[in-house]
Amino acid sequence: MAAESETVAEARRQMEICNACRYCEGYCAVFPAMTMRRSFTEGDLTHLANLCHGCKGCYHACQYAPPHAFGINIPATFAELRQESYAKNAWPAPMGRLFERSGTVVSLLAALGVALALILVVALQDPAVLWSAQRGVGAFFRVIPHWLMITLGVVTFGYAILAMAMGARNYCRSTGSPQGGFDPGPATEAAVDIVTMRNLGGGGHGCNDLDEGFSTRRRWLHQALFGGFMLCFAATCTGTLYHYILGWKSPHAFLSLPVQLGFWGGVLMMIGAAGLAHVKVITDPGPVAKKLAGGEFAILALLFLIAATGLLLLAVRHTGAMGAMLAIHLGLVFAFFLVMPYSKMVHGLYRGIALLRHAREKRTAPAPAAAA
Ligand code: SF4
Ligand code: SF4
């Protein structure tokens with residue numbers, strides 16, 4: 001069995017102090033889940049870390065937070081433990097280790113690499129096509145062949161789904177969750193929590209997004225990013241249906257359904273990604289895991305650039321700039337699919353599993369264990 005990391009040992013030390021203190025019992029799901037345990041395995045700690053949504057409430061309330069000698073800093077420690085869980089459960093394992101060491105560089109290089117490869121493919125067949133204006137039905141496919149676009153999309157997206165499914169399986173095995181068969185009650189509760197991001201509302205008044213004051217901006221920005229992402233996904237699905245079922249080929253009119261879904265999805269994604277990056281810049285650094293900042297900014301930058309290049313592509317699609325912009329936009333999208341299973345994007349998946357396990361435990365667990 002692999003030796004435990006320093007982060008796991010530190011999380012256990014802090015949870016044992018919290019389990020004796022229990023002042024924060026009503027703050028979030030982490031503390032009730034903590035009180036169901038007298039001791040903490042690595043799997044328990046990983047489960048608790050993924051149950052934490054980083055509201056920072058316990059840090060600002062804690063009488064043992066730095067500079068106290070106990071140095072309790074649950075949000076920062078759990079953020080590091082979550083990151084370790086992404087790398088540890090990643091599939092295939094070497095990719096997890098690669099991204100753990102240099103996720104930012106790998107993400108940006110992947111985006112650059114795919115965009116360059118696409119430009120190269122087009123340039124090799126007919127360089128003029130990259131810079132000359134293309135109009136009318138099938139304009140995009142005269143720049144990047146339909147078969148190449150579909151192949152890269154299916155391969156990269158399929159890889160992302162497979163790697164995330166395997167990662168989720170590894171996570172369930174390593175944390176022992178969720179236990180039991182399908183139960184609609186906990187599953188519904190967890191699904192509502194995920195979709196509404198209820199926990200980020202902090203019970204109505206919000207979370208300590210920036211400092212001791214309460215705010216709901218992180219919740220709204222997360223929802224803008226998630227909603228925008230889903231609208232863009234819906235735009236791709238609608239475009240695919242138009243192409244294969246109705247025989248309507250892109251580019252579509254600005255007021256058509258796929259373009260409208262993509263347009264508003266892109267706007268929301270830009271607002272969400274830029275807003276979340278801004279929050280990270282101006283927030284109180286005390287409860288922040290500083291060594292994770294690079295990777296978090298990189299994935300936000302990637303999401304922002306995907307949305308921005310998508311909107312730029314819409315703006316220049318009838319000009320000679322369309323070819324290069326299409327290659328760059330698709331390069332960023334396909335690179336995003338490749339880095340998704342190793343980035344903070346898996347938090348949604350692991351958090352969903354943690355919420356499901358917690359919803360089940362609440363219904364089946366005996367009364368909280370006495371404080372240690
Ligand atoms: S975070 Fe601090 S105040 Fe809250 S339960 Fe832990 S030790 Fe107690
Ligand atoms: S940071 Fe917020 S969600 Fe995380 S353990 Fe503390 S109170 Fe709970």
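1. Starting with ligand 2: its shell consists of Tyr27, Cys28, Val30, Phe31, Cys52, His53, Gly54, Cys55, Lys56, Cys58, Ile74 and Pro75, where a residue counts if one of its heavy atoms lies within 4 Å of the molecule. Helices α2 (30–35) and α5 (74–88) are the elements that give two or more residues to this shell; helices here are DSSP runs (H or I, at least four residues), numbered from the N terminus.

2. Before going further, a word on provenance: this is a predicted model, with local features needing pLDDT of at least 70, side-chain atom pairs counted only at pLDDT 80 or more, and totals for chains, interfaces and linings using all residues. Residues are numbered from 1 along each chain as its sequence is written, chains are lettered from A and ligands numbered from 1 in the order in which they are written, and side-chain values use heavy atoms, with hydrogens and water left out.

3. By class, the ligand 2 shell splits into nine nonpolar, two polar and one charged residues. Nonpolar means Ala, Val, Leu, Ile, Met, Phe, Trp, Tyr, Cys and Pro, charged means Asp, Glu, Lys and Arg, and the others, Gly among them, are polar.

4. Now ligand 1. Around this ligand you'll find Cys18, Cys21, Arg22, Tyr23, Cys24, Phe31, Cys58, Cys62, Gln63, Tyr64 and Ile72. That shell counts nine nonpolar residues, one polar and one charged.

5. Arg22, from the ligand 1 shell, deserves a look at its backbone: phi is near 60°, a positive value in a residue other than glycine. Arg22 belongs to the loop between α1 (6–21) and α2.

6. Two cis peptide bonds to check. One runs from Pro66 to Pro67, with omega near 15°, and Pro67 is in the loop between α4 (57–61) and α5. Another joins Trp91 and Pro92, with omega about -10°; Pro92 falls in the loop between α5 and α6 (93–125).

7. Finally, the surface. Ile150, Val154, Leu241, Tyr244, Ile245, Leu246 and Trp248 make up a nonpolar patch with about 740 Å² of accessible area together. Patch members have over 30% relative accessible area and no salt bridge, with nonpolar side chains (Val, Leu, Ile, Met, Phe, Trp, Tyr) joined within 5 Å; areas are Shrake-Rupley with a 1.4 Å probe, and a salt bridge is a Lys or Arg side-chain nitrogen within 4 Å of an Asp or Glu carboxyl oxygen. Helix α11 gives the patch its largest share, four residues, and Tyr244 lies in that helix.

Conventions
Patches are made of residues with over 30% relative accessible area and no salt bridge: like charges are joined within 9 Å, nonpolar side chains (Val, Leu, Ile, Met, Phe, Trp, Tyr) within 5 Å.
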